[in-house]
Amino acid sequence: MPDVYLIEDDAGIRTSVARALEQRHHVVRSSGQGLTALGEIVAVPPDVVVLDLGLPDVDGAAVLRMLRGASSVPVIVATARADEREVIALLDAGADDYVIKPYSGAELEARIRAVLRRGVGGAARSPRLVVAELEIDAATRSVRLAGAPVELSRKEFDLLALLAGRAGEVVTKREILQEVWRQPYGGGDKTVDVHLSWLRRKLGERADAPRFLRTVRGVGVMLVDPSTCAES
Ligand code: CA
């Protein structure tokens, strides 16, 4: 079972959530202090982090940012506030999923399984993908194009890894929103378009002169091997 690190300052919740997860055979470490937790997570990475947003020493959103600077471990945010905009902002900031407090052990367990099934945080099934001169390493979250490193943001990387993992197949924007942003909300097409255009630029191509990233109008986008896909 995956190791869980729980960051929660309420001792009652911390104890009961840890107990519920331990009953489900997880190894659980925990802390009520964001900064203590950060140190322990970086020193010995767990498989997944559950992060309470309301912490006494440092804001949970700041913990998320600091953690993302140091680690790609999957993070499930626990929030008492079911504010859609805030949740979207946290997902954009690198959270992989969220639960609304109070949540049950069973619900958290389901979220943990879903996050790990999606293979986020470098635990992807195939750690290295190669499409022509494009190399994607999920374990180190690094990308090379013709041997040269390409610097991508977290979301750009997730987007590229999703498309490359399904190379030659059209992936719809809805699927992209679900897989990369975990966003069931409508109106997110623009987010996908913007990230696609950033990704294109970093791969040195343009929408009107695509190489790897082919837009299929009204459907979605497909990553192709340009050497076997001569027409453009
Ligand atoms: Ca709290």
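Predicted model: local features only at pLDDT ≥ 70, side-chain atom pairs only at ≥ 80, totals over all residues.

Biologist: Fine. Where does alanine 146 sit, then?

Modeller: Alanine 146 is in the loop between β8 and β9 (148-150). Its phi is near 50 degrees, which is positive, and the residue is not a glycine.

Biologist: Is alanine 146 buried or exposed?

Modeller: Exposed. The cut-off is over 50% relative accessible area, and alanine 146 counts as exposed because it has 61% relative accessibility.

Biologist: Where else do I find a positive phi in a residue that is not a glycine?

Modeller: Histidine 25 has one, about 70 degrees. Look in the loop between α1 (11-23) and β2 (28-31). Histidine 25 is at 63% relative accessibility, so it counts as exposed too. Most residues other than glycine have a negative phi.

Biologist: Which peptide bond is cis?

Modeller: The one from lysine 101 to proline 102, with omega near -5 degrees. Proline 102 lies in the loop between β5 (97-100) and α5 (105-117).

Biologist: New topic, the sheet. What is the strand order?

Modeller: β2-β1-β3-β4-β5. It is an open sheet of five strands, and the pairing is parallel.

Biologist: Which strands stand at the edges?

Modeller: β2 and β5. Each has a single partner strand, so one side of each has no neighbour in the sheet. On average, neighbouring strands are turned by 20 degrees against each other, direction ignored.

Biologist: How many bridges join β3 to β4?

Modeller: Four, between residues 48-52 of β3 and residues 75-79 of β4. As one example, leucine 51 has valine 77 in β4 as its bridge partner.

Biologist: And which strands does helix α2 lie across?

Modeller: β1 (4-7), β2 and β3. Helix α2 covers residues 34-43 and runs at about 165 degrees to β1. Helix α5 packs on the sheet as well, touching β1, β3, β4 and β5. The direction of α5 makes about 175 degrees with that of β5.

Biologist: What coordinates the calcium ion?

Modeller: Asp9 and Asp52 through OD, and Gly54 through O. The distances are 2.2 to 2.3 Å. Along the chain, the donors follow the spacing D-x42-D-x1-G.

Biologist: Last one, the inside. How many residues are in the largest nonpolar core?

Modeller: It has 26. Those with the most contacts inside it are Leu134, Val143, Leu160, Leu163, Ile176, Leu213 and Leu223.

Biologist: Which elements give two or more residues to it?

Modeller: β7 (134-137), β8 (142-145), α6 (154-165), α7 (173-181), α8 (189-202) and β12 (220-223). The largest share, six residues, comes from α6.

Biologist: What does leucine 223 touch?

Modeller: Leaving out residues up to four places away in sequence, its contacts include Leu134, Leu160, Leu163, Phe212 and Leu213.

Technical notes:
Residues numbered from 1 in each chain as written. Heavy atoms only, no water. Core = buried A, V, L, I, M, F, W, Y, C linked by side-chain atoms within 4.5 Å. Buried < 20%, exposed > 50% of the residue type's maximum accessible area, 1.4 Å probe, protein only. Contact = heavy atoms within 4.5 Å. Donors = N, O, S within 2.8 Å, 3.2 Å for Na, K, Ca; no water. Pairing = 2+ DSSP bridges. Axes fitted to C-alpha atoms, helices over the stretch in contact; angles between N-to-C directions.
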